[in-house]
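Here's a quick look at the charged side chains in this one. Have the structure open as you read.

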Amino acid sequence: MNEIIFNRKEYKTYKDFYHDIAIKIDKERFLDWQNEYEDFCYDGNLLYEFLWYCKKDDSKYVFKNFDRKKIKEQKKYEDFEYNIILSSFEDFVKEYPNNSMEYRFDE
């Protein structure tokens, strides 16, 4: 299983997160997504649609230092956007259980 790690400490904004997702999941490998929808246009719907292309990847998505409980409260706009992204991954792994996700925190 391929492990892809996203570390919250590496992002200043949710836009940085979208950018990192596009790189680490390598959206350019799919002809339909090459040079299109840069950073998924910061849209959770486009991200979820793209994840469908990755359904056979057998990947484990690791989200480090994401406080899911705090993000779900959506007290800040950034939390709202992070919630959309994380929800897209959660829905994806439910639909395609050959993929998985995990939350971790630095020691």
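Glu102 is partly exposed, with a relative accessible area of 25%; that label covers the range between buried (under 20%) and exposed (over 50%), using a 1.4 Å probe and protein chains only. Lys60, at 22% relative accessibility, is partly exposed too. Keep in mind that this is a predicted model, where local features need pLDDT of at least 70, side-chain atom pairs count only at pLDDT 80 or more, and totals for chains, interfaces and linings use all residues. Residues are numbered from 1 along each chain as its sequence is written, and side-chain values use heavy atoms, with hydrogens and water left out.

**Salt bridges**

How many salt bridges does the structure hold? There are 10, where a salt bridge is a side-chain nitrogen of Lys or Arg within 4 Å of a carboxyl oxygen of Asp or Glu. Here are some of them:

| Pair | Closest N and O atoms |
|---|---|
| Glu102 and Lys60 | 2.8 Å |
| Asp106 and Lys9 | 2.9 Å |

The bridge between Glu102 and Lys60 links distant parts of the chain: Glu102 sits in strand β3 and Lys60 in strand β2 (residues 59-64), 42 residues apart. Helices (H or I, at least four residues) and strands (E, at least two) are DSSP runs, numbered from the N terminus. Through shared partners, salt bridges also join Glu3, Lys60, Glu102 and Arg104 into one network.

Now for Asp106, which bridges to Lys9. Asp106 lies in the segment after β3 (100-104) and Lys9 in the loop between β1 (2-7) and α1, so this pair ties together parts 97 residues apart in sequence. Asp106 is partly exposed at 33% relative accessible area, while Lys9 is exposed at 61%.

Asp39, in the loop between α1 (14-24) and α2 (44-53), is buried yet has no salt bridge. The nearest side chain of opposite charge is Lys27, 6.9 Å away; for charge, Lys and Arg count as positive, Asp and Glu as negative, and His and the chain ends are not counted.

So what does the side chain of Asp39 make a polar contact with? Its partner is the side chain of His19, at 3.0 Å. A polar contact is a pair of N or O atoms within 3.5 Å; within protein, one must be able to donate a hydrogen and the other to accept it, and residues adjacent in sequence count only if both atoms are side-chain atoms. Leaving aside neighbours within four places in sequence, Asp39 is in contact (heavy atoms within 4.5 Å) with Tyr18, His19, Ala22 and Lys27.
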